[in-house]
Amino acid sequence: MPDTILQLTDVRTHFPIYAGFVRKKHVGTVKAVDGVTLSVRRGEVLGLVGESGCGKSTLARTIMQLVPTTGGTVVLNGKNLSDCTARELLAVRRGMQMVFQDPYASLNPRMTVYATLAEPLLVHGVCPPANVPARVAELMKTVGLSPQFLQKYPHEFSGGQRQRIAIARALALEPKIIIADEPVSALDVSIQAQILNLLSQLCRKMNLSLIFIAHDLSVVKHISDRVAVMYLGKIVELGLAADVIDHPRHPYTRALVSAIPTPNPDVERSRQRIVLAGDPPSPINPPAGCAFHPRCPYAQPKCQLAVPPLIADGPTREVACIRLDEI
Amino acid sequence: MSLLTVTDLRTWFHTRNGVYRAVDGISFSVERGETLGIVGESGSGKSVTCYSIMGLIPSPPGRIESGTAMFDGVDLLHCTPRQARSIRGKRVAMIFQDPMTSLNPYLRISEQLIEPLLIHEKISRRDALVRALAMLEAVGINDAAKRLHLYPHEFSGGMRQRVMIAMALITKPELLIADEPTTALDVTVQAQILELIKKMQLELGMAVIFITHDLGVVSGLCDRVQVMYGGRIVETADTRTLFYSPKHPYTRALQRSIPSMQPKGTELFTIPGMPPDLSKPMPGCSFAPRCEYAVERCRVETPQLAAVSPTHAQACLRVQAGEI
């Protein structure tokens, strides 16, 4: 597809576990991301949801090449990132930027806002040094902050403002795609809405692609065009945001959707909730077959036999469940 | 008579940068067996309210400037330490947001579970351990007998929160204060913990004060809700009234800014500006600078809670005057 900006094919990120202090012995593998195939189109917002430990942050870091891939390919704009040399990677990274969850930790407390925003411009040499101050001021305006704050330090800003600075830093290099890892989880409801509005405005205006990682499904539904649901390193359901969240097909997505409390007492008190038992299993020794079967209300012995592949369910939907037609 | 009646509570923090009026004159009560939700953004004073009741305010810098908290005839804020000890941890228990930092990492779960029993009841260690085991089973920990002697780090987040709940409920308290107990958990685990709190409440008939910033959690769990902003209560009502006919502009704005309440693809409604700086007390309504309905009077006159109906009170001057 010509308008595909990012293509992941069977991406795997495994972390080896060693035991012993002097003589290290390989005792196991954490399969944080285990065979993810996904594409992001130009200007599209893709939501990525799942419980903690399901590998969504690792997937983000894998795309950014912040952790080495174990297998599979990440192709950004026609370029395979796993084959790139360090020098090539530097150039490629201009095209993709990341916004992290905690704006208190992701900004350097010793750098002024100006220094934070000017650094990527200087490192990548995107504009002549003389133009840097003007460009930095422009970035501040883009994210809705006044350029008069440029000489301040991160601690002088509130959480929402800091997240705006982090977004400005990500925009500095005019990337094609931004990966936002839980960008609003640390913020209050009223501030969350401001940041969400900013992100969707920017995407529309600059034709940016966005991978939006969150565990809050209502936020994801609002901002995303498509949603991918992850469980234990694999994608279990993929489709248009409204479809997936209003009419979930995979048993895990159903449970996830039914677990969200709605701010509507009458609905909340009358509805049937699927309460999953237990915690997500460990990715070190994932259950055989479908990783969800120990918690799945519809599980049958055959679910333990093989890992279910993502199967197309209609033109825009893919679901990984072998009992899809029966439930 | 109410189980707990808080009257005109003020908790201020005296710091080098000035006096932070974290809680500034709030009154409310909790009936036996009822669930009261306290909702507000960070810095609205919801946690400080409950810490004050439990005597957990670090002093200095914190100081309870005024107010009483009558629990079954005893003022928790002004009673002798001995009296306070006989109530706190036995008849009033608390659970916290982060189960990792509020359990002692050096002690086995069993030690932490039986501690309140050994302190508050005349009971032998052996009997206490039996009770602890029963409690762990009641909060839904599988293999409780095997897990009783493990350390906190050997449990997952959801399980730790279950252990905390077991610890709080082992003395069969009459009031449980839950300070954002599910904020650090995944939605699926959150659903489990909320079910558990409901179940235990039914079994023990205790009252619950549930602090949260998530209106969704409140809607399914609480009988009554009060909304806090800038250290004051701005609106209090039974849950249905608060959700279906909120009166105060802040409650309305808060509700409108929830993504799931708004049609997809539209610009989300936002409350402009930022929460107030509590170290700079200002005259008038603390929400006035962000309020779309604010007029000159709102910046001068301090609003007081006034009843809309017997179960509904709110503190907006313009609503009280019938203007909006």
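Colleague: How is a residue placed between buried and exposed?

Modeller: A residue is buried if 20 or more other C-beta atoms lie within 10 Å of its own, exposed if 12 or fewer, and partly exposed in between. The model here is predicted. H213(B) has 19 C-beta neighbours inside 10 Å, so H213(B) counts as partly exposed.

Colleague: Where is H213(B), and which residues does H213(B) touch?

Modeller: H213(B) sits in the loop between β8 (207-212) and α9 (215-221) of chain B. Leaving out residues up to four places away in sequence, H213(B) touches V39(B), G40(B) and E41(B), and also D188(A) and V189(A). P152(B) is 61 residues from H213(B) in sequence, and their C-alpha atoms are 27 Å apart.

Colleague: Is I177(B) buried or exposed?

Modeller: I177(B) counts as buried because it has 27 C-beta neighbours inside 10 Å. I177(B) belongs to strand β7 (residues 175-179) of chain B. Apart from neighbours within four places in sequence, I177(B) is in contact with C50(B), M54(B), V92(B), M94(B) and I209(B). Distance along the chain and distance in space are separate things to read: I177(B) and F210(B) are 33 residues apart in sequence, with 6.2 Å between their C-alpha atoms.

Colleague: Which residues touch the most other members of the largest nonpolar core?

Modeller: That core has 187 residues, and those touching the most other members are I211(A), F212(A), V229(A), I235(A), A166(B) and I209(B). Take V229(A): beyond four places in sequence, its contacts include I235(A), V236(A), V244(A), Y252(A) and L256(A).

Colleague: How do helices α3 and α4 of chain A pack?

Modeller: Two helices are described by the angle and the distance between their axes. Helix α3 (residues 113-124) and helix α4 (residues 132-142) of chain A pack at about 120°, with axes 10 Å apart. The crossing of α3(A) past α4(A) is right-handed. On the α3(A) side, Y114(A), L117(A), A118(A), L121(A) and L122(A) meet V132(A), R135(A), V136(A) and L139(A) of α4(A). By class, this contact has eight nonpolar residues, one charged and no polar.

Colleague: How many residues does each chain bring to the contact between A and B?

Modeller: Chain A brings 31 residues and chain B brings 37. On the chain A side, α6 (189-206), α7 (217-223), α9 (251-259) and α10 (265-270) each supply at least two residues. The largest share, six residues, comes from α6(A). By class, the chain A side has 14 nonpolar, 10 polar and seven charged residues.

Terms used: Residues are numbered from 1 along each chain as its sequence is written. Chains are lettered from A and ligands numbered from 1 in the order in which they are written. This is a predicted model: local features need pLDDT of at least 70, side-chain atom pairs count only at pLDDT 80 or more; totals for chains, interfaces and linings use all residues. Helices (H or I, at least four residues) and strands (E, at least two) are DSSP runs, numbered from the N terminus. Two residues are in contact if their C-beta atoms, placed from the backbone, lie within 7 Å. Axes are lines fitted to C-alpha atoms, for helices over the stretch in contact, and angles run from 0 to 180 degrees between N-to-C directions. A crossing is left-handed if the near helix is turned anticlockwise from the far one by less than a right angle, and right-handed if clockwise. Ala, Val, Leu, Ile, Met, Phe, Trp, Tyr, Cys and Pro count as nonpolar, Asp, Glu, Lys and Arg as charged, and the others, Gly among them, as polar. A nonpolar core is a set of buried Ala, Val, Leu, Ile, Met, Phe, Trp, Tyr and Cys residues joined through C-beta atoms within 7 Å.
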